[in-house]
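Work through the exercises below with the model open. Each task is followed by its solution.

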Amino acid sequence: MALRLRTGNQMIAQGAIQAGCRFFAGYPITPATGIFKTMIDELPGEGGVALSAPDEISAVAYCIGASMRGVKAMTATSGPGWALMTESVQYAVMTETPLVIALVQRLGPSTGGATQGAQGDVLLAEFAVSGGYTLPILSPSTAQECFDLTILAFTWSELLRTPVVLLSDKEVGMTAERVDDDLLRNVTSQDRLQWRNRSGGLEFMKPKTYGTYSFDCVQEIPAFTPVGGEMKVTATGSAHNKQGKLQKNSPETLEVLKHLEEKIRWRENDLVKVDADIQNGAKILVMSYGITSRAAKDAVAESRKRGIRVSFLGIQSLFPVPSRTITESLQGVGRVVVAEENLPGLYRSVIERHCNGARVLGVNKIGSLITPNDILNAVQS
Amino acid sequence: MTTESRTITKALAPIASYFVKDVKFPFCKGCGHTNILRRLNEALVELQLSSRDVALVTDIGCIGLSDGLFEAVHTVHTTHGRSTAFATGIALADSVLADRRLKIIVLIGDGGAMIGLQHLVHAAMLNVDVTVLVCNNFVYGMTGGQSSSFTPEEFLTSTTPKGNIVPPADLCEILRHSGAPFVARTLATDRELPSILRQAIDFLGFAVVEILELCTEFAVPANELTGKKLLEEAEKNRWKLGILESRADRALFVDRYERTNGAKELSHPEQSSVRRTKSAVVRRAVSIVVAGSAGEGVQSASSLLCQAALSANLYVTQKNDNPVTQGSGFSLSEIWLSPRPVGFTGIEKPDFILVSSEDGLRELGLQGWMDRLSPKTRMYLDDTVDPTMVDDRIVRVPLRSTFGPRSATLGGLALMASEQNIVDPKMLVALAADRYGERTASGLTDGLKRLSAGGGAG
């Protein structure tokens with residue numbers, strides 16, 4: 001057994017390398033810098049490129065460019081950097097470019113509190129795309145989960161051809177804890193489906209029927225062709241047809257726009273990752289995510305010690321919302337407690353509609369961790 | 001990968017044109033863009049680059065419509081001003097991680113050049129194999145002829161109706177001083193344009209060509225602009241024309257990167273996994289708050305304690321806190337050591353507190369820790385820290401004078417570990433020797449001896 005003391009940030013970097021990420025461009029920002037630093041230290045030794053960009057806009061654009069060339073790429077930032085990156089995140093959505101962005105939250109608004117944890121960016125991240133396109137979001141709560149979910153984020157991003165956000169926070173990212181190397185799965189992420197030239201020729205393919213964004217049915221993921229490959233890439237962030245040609249409101253262009261959402265929605269039941277601890281006969285369900293899941297689990301354990309029947313649902317795949325799993329966890333439940341480190345109850349506002357009329361209570365706080373006691377009080381109230 | 005060469009493959013069959021069949025230019029009559037694109041196509045035809053090895057990257061504005069006109073190259077249409085950044089990403093991946101085949105050509109206008117100035121500057125600094133053609137017609141044509149950052153003084157545009165009062169920036173000079181190894185400025189109508197384009201594309205490294213041209217829809221009618229007047233404008237602004245820079249002595253990023261990172265390094269060099277020991281350790285979850293001054297090794301001493309606990313197969317978490325600066329003010333660690341996995345990483349009622357400096361005590365007060373002590377909490381305080389504080393739970397130790405300011409926290413943790421049977425202090429000393437060297441370790445051992453000879457903690 002090999003035990004090490006590692007931060008969540010270090011484990012995201014390690015997970016990325018394990019997943020096959022070979023390109024990282026970063027810009028320093030507390031509390032995400034640990035990911036950048038670990039990639040700078042370790043990626044060259046893995047034959048990859050890690051470099052400093054002059055700002056967050058360049059950092060994410062370099063990553064998207066690298067991904068278009070066919071390389072798995074990641075960047076990491078916090079709320080203020082995310083604000084700068086959203087233009088290009090939308091570009092990655094529109095051009096169906098795989099990309100993983102670790103968003104290590106800190107207290108906002110604006111530059112807020114650099115060394116203070118928070119879970120205030122969950123909707124800022126999800127609703128960053130004009131038109132309301134689903135951005136898959138995975139949220140780890142431990143160093144081990146940072147590793148596992150980073151690999152999963154790459155798999156989703158590769159298979160769906162879309163950017164995926166790893167939503168961490170200062171407390172998950174910068175807290176060091178025990179990691180058992182033997183529990184780290186030695187797997188890489190799955191890779192994007194590549195377009196194959198069946199004729200085997202070396203000529204530059206300018207297909208009439210098959211384009212950069214081709215699909216037969218709207219849910220299908222187009223096969224990827226790298227810039228520099230043998231098939232002509234026609235990539236664009238503007239509304240386009242399946243060939244990548246700029247078009248205004250043609251039926252095919254509208255179909256492509258619909259496809260961008262449908263390819264994710266159609267698979268939403270496969271994109272579920274939760275930490276479920278359902279107790280028979282429980283009348284109360286505690287839900288949480290990220291760092292607050294840890295306090296929630298402790299509160300659930302303590303509640304059970306006191307004879308209260310209570311279930312726990314830690315949500316790791318925040319988006320697409322695991323609505324079916326949430327509904328299934330509500331059998332016999334009359335009260336739902338949702339704990340998260342922001343004042344309005346951001347994620348609660350999203351999942352409330354899936355709670356089938358159960359009473360939904362929020363446990364919310366900023367400035368310090370939500371404690372097991374805070375949640376226990378809500379469970380007992 | 002050979003240095004200073006691009007493995008460009010020539011086209012298999014001769015390419016007569018890189019345009020789409022029956023190309024129709026979407027630009028206004030007389031617009032310089034049409035001429036520039038025709039000359040670009042001719043340069044490509046002359047160089048006969050293999051289609052798969054050329055990527056044309058564009059963004060927003062009239063010139064951003066160019067990608068749709070080219071068929072025999074990859075095209076990537078991006079967001080306003082960002083095309084150089086996306087191109088840089090493609091070039092970095094292509095040169096370091098792939099087979100270094102691609103020639104990337106960026107087409108932007110004067111608007112995009114300024115929004116994306118940092119991308120141009122950084123691409124020049126990196127020296128990636130990207131050729132940028134800046135089509136400067138002094139206005140935003142697509143949105144109705146507004147002024148740009150490169151509009152000459154006194155120019156009439158829709159946003160400078162009384163004449164531009166802001167002197168234009170000199171893009172070529174900015175990029176030359178950013179290290180761009182190939183810089184040229186010319187006119188869309190210049191006879192030298194084809195030759196300059198060919199040289200810029202053929203150049204191995206970052207090349208920029210600023211092409212001055214006429215926007216016939218806006219700049220021309222408002223300013224009675226002609227080709228002759230354009231030349232006069234260039235002269236007036238001291239915009240030198242021709243190839244302003246062409247140097248072969250600047251290494252590409254890929255070459256510098258490979259030179260520096262050539263040898264495959266061992267991963268995780270900073271921390272090997274821990275040695276297992278069977279020393280006496282806590283059998284229940286223990287919480288410790290460590291507080292001191294930033295720059296005095298508070299968090300790294302805490303991490304050594306965690307390492308020592310790991311070697312005894314305990315679960316640990318170490319949650320750190322400090323002001324936004326790194327080397328001033330307080331530094332604080334909250335530690336859990338437990339035989340079982342740790343959930344909540346915060347501490348509500350600490351079992352132990354160690355304070356190695358006044359900064360640490362002040363911060364504990366500000367954060368309300370002093371109201372969260374239990375009757376069983378033991379506090380190890382340096383003896384210089386607020387001597388007026390009296391409490392049965394306090395253990396006063398001359399940490400700073402015994403171990404020195406930079407080892408006071410480590411010494412305090414070793415003492416606490418030993419007296420409270422938290423972890424084996426010998427393990428802590430061994431880990432200190434690994435991380436800081438034998439001198440620190442023997443200082444630690446000596447200090448602990450002196451403290452126990454002097455009656456230890458009082």
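**Exercise 1.** Classify the packing of helix 10 against helix 14 in chain B.

Step 1. The axes of helix 10 (residues 298–311) of chain B and helix 14 (residues 425–436) of chain B come within 9 Å and cross at roughly 120°. Axes are lines fitted to C-alpha atoms, for helices over the stretch in contact, and angles run from 0 to 180 degrees between N-to-C directions. Helices (H or I, at least four residues) and strands (E, at least two) are DSSP runs, numbered from the N terminus.

Step 2. Helix 10 of chain B is therefore oblique to helix 14 of chain B. Angles under 35 degrees count as roughly parallel, over 145 as roughly antiparallel, 65 to 115 as roughly perpendicular and the rest as oblique.

Step 3. Find the contact residues (C-beta atoms, placed from the backbone, within 7 Å).

**Exercise 2.** Describe the side of chain B that touches chain A.

Step 1. The model is predicted: local features need pLDDT of at least 70, side-chain atom pairs count only at pLDDT 80 or more, and totals for chains, interfaces and linings use all residues. Residues are numbered from 1 along each chain as its sequence is written, with chains lettered from A and ligands numbered from 1 in the order in which they are written.

Step 2. In chain B, 61 residues are in contact with 61 residues of chain A. Helix 2 of chain B gives the largest share, 11 residues.

Step 3. The predictor gives the complex an ipTM of 0.94.

Key
Two residues are in contact if their C-beta atoms, placed from the backbone, lie within 7 Å.
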